[in-house]
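Let us walk through this model one feature at a time. Keep the sequence and the coordinates side by side.

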Amino acid sequence: MSHPHPELGPPPKLAEGGLRVTPLGGLGEIGRNMTVLEYGGRLLIIDCGVLFPEEEQPGVDLILPDFSSIRDRLDDIDGIVLTHGHEDHIGGVPFLLREKADIPLIGSKLTLALIEAKLQEHRIRPYTLEVEEGHRERIGPFDCEFVPVNHSIPDALAVAIRTPAGMLVHTGDFKMDQLPLDGRLTDLRAFARLGEEGIDLLLSDSTNAEVPGFVPPEREISGVLRQVFAGAQKRIIVASFASHVHRIQQILDAAHEFGRRVAFVGRSMVRNMGIARDLGYLNVPAGLVVDVKTLDDLPDDEVVLVCTGSQGEPMAALSRMANRDHQIRIVQGDTVILASSLIPGNENAVFRVINGLSRWGANVVHKGNAKVHVSGHASAGELLYFYNICQPKNLMPVHGEWRHLRANAELGAQTGVPRDRVVIAEDGVVVDLIDGKAKIAGKVRAGYVYVDGLSVGDVTESSLKDRRILGDEGIISAFVVVDSSTGKIVAGPHIQARGSGIDDADFGQVVPKLEEVLVKSAQDGIAETHQLQQLVRRTLGKWVSDTYRRRPMILPVVVEV
């Protein structure tokens, strides 16, 4: 198995007749999925998603792929193929279209409806091409065939891309539910046909490659939901991804069966379910869904709230309910259902929400204590089955952390893919398909690009480090006024601390040390402001470290008069 090396340099110019694959996100992480294909000087992008921040990235709203490697080639992009409508696959599109608004978007009806609604908020009117399963479309030099797959959102597609260099198949996110709620199966016959034709390079979803067996059918959740609904005495509050139409459908069906009314809470939930209903993907019985403002007129045992926040997002509805920061107040006897999995890295945030809800008396039902979620990603048994059907000549695991990529690569090798043709890459590692063999050719920049409010890319790792220090250790400021000609102290030092756990009165111990070093610097003829600030920072920082074993941020201010 080939794998990236930290010393990889920039890739050479693509060989004549070769196909280049450059993942800019989604390899080594769960989210931020984006892959760039190149053939004959033209580019095709598959997905452009976001990654959600973790605790060590304070203040960050979203994390984008790094577009720097394609920024000077935007005119070469023939389109962006969107495999489905989840945020980790479409969330970055508005930021790429800000740089060139007329790049065509290609996807299924629901996927395009979701991204168009998102782009409307960014005041971008995209060029779109709606495709259906089984269709073939020529996009520049890329002959694309779209294959239906089932996932935790309707209308998901895999894409087979034919070029003179060979056929590449990208699965997108997929599983093989044999009893899907919408009757839309992953088209194994189509994949078998593609395998017969010859799949030269298969890019396959790795998210569940470590999980043995097969994913249970989505419809198995219905029975558990009915049990929860039957036993609920007061309100039922369900937290789910705002795009999980199949899960919401089962909630609506259970509510209808037990004579409850449903209200959607949260802007993205209201928007997405409205789109799904209007396009016919969500079946809503007349009178079942009501406005959240009318709930006060209904008895508690006739109410179901469907909201966002299943991942513990601080500003989502469920987190705010747990913190008593929402108009909907959790009371003793309410039932809360977290109808989703835990995204890696979100565990602490989710358990914090569960504890907050439990504190106010809610009965919290989640994946850990009831079968209220099944995954949207193929497990190891399904992947083995899939590889035996496709029989790819080269395999490149995508969409997953390192452990998932490794596990998926091993599954491919077990089914007969030659180990020297299983390519384990990571973000930025360039893979070329030349003469039927995939191999690593180099590496391009593919770091994190942080979105913080309205700023994109302004937050750096250095500024995040400063934020972590401020959050963990606090800040100490020292203010000194010196004579500009002699360097002697005119006023100060005045020292204040915030969040450091050190009482301001304690700084009386270090003031004589600061006065001593400043007097000595004046005697030595040091009067330059920056040098004096560094002197104050070192002296104060050493005292704090020696006395308290802490490393707060030191902010020295030296003013000359």
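In which strand is the place of Val557? Val557 sits in strand β25. This is a predicted model, in which local features need pLDDT of at least 70 and side-chain atom pairs count only at pLDDT 80 or more, while totals for chains, interfaces and linings use all residues. Residues are numbered from 1 along each chain as its sequence is written, and side-chain values use heavy atoms, with hydrogens and water left out. Helices (H or I, at least four residues) and strands (E, at least two) are DSSP runs, numbered from the N terminus.

Phe479, Leu555, Val557 and Val559 make a nonpolar surface patch of about 280 Å². Patches take residues with over 30% relative accessible area and no salt bridge; nonpolar side chains (Val, Leu, Ile, Met, Phe, Trp, Tyr) are joined within 5 Å, like charges within 9 Å. Areas come from the Shrake-Rupley method with a 1.4 Å probe, and for residues only the protein chains shown count as cover. Strand β25, residues 553–560, gives the most to this patch, with three residues. Val557 counts as partly exposed because its relative accessibility is 33%. The classes are buried (under 20% relative accessible area), exposed (over 50%) and partly exposed (in between), with a 1.4 Å probe and protein chains only.

Now turn to a helix pair. Helix α10 (residues 380–390) and helix α11 (residues 402–414) have axes that come within 9 Å and cross at roughly 40 degrees. That angle makes α10 oblique to α11. Angles under 35 degrees count as roughly parallel, over 145 as roughly antiparallel, 65 to 115 as roughly perpendicular, and the rest as oblique. The axes are lines fitted to C-alpha atoms, for helices over the stretch in contact, and angles run from 0 to 180 degrees between N-to-C directions.

Gln391 lies in the loop between α10 and β18 (395–398). Its phi is near 45 degrees, a positive value in a residue other than glycine. Most residues other than glycine have a negative phi. Gln391 counts as exposed, at 56% relative accessibility. Asp435 also has a positive phi, near 55 degrees. Asp435 lies in the loop between β19 (429–434) and β20. It is exposed, with a relative accessible area of 79%.

Charged pairs come next. The structure holds 28 salt bridges, each a side-chain nitrogen of Lys or Arg within 4 Å of a carboxyl oxygen of Asp or Glu. One of them joins Asp66 and Arg445, at 3.0 Å from N to O. Asp66 lies in the loop between β4 (62–64) and β5 (77–81), and Arg445 in the loop between β20 (437–443) and β21 (449–452), so the pair ties together parts that are 379 residues apart in sequence. Asp66 is buried, at 4%, whereas Arg445 is exposed, at 61%.

Arg277 and Asp278 form another salt bridge, with the closest N and O atoms 3.9 Å apart. Arg277 is partly exposed, at 39%, and Asp278 is exposed, at 63%. Elsewhere, salt bridges that share partners join Glu38, Arg42, Arg73, Asp76 and Asp78 into one network. Within it, Asp76 pairs with Arg73, the closest N and O atoms being 3.0 Å apart.
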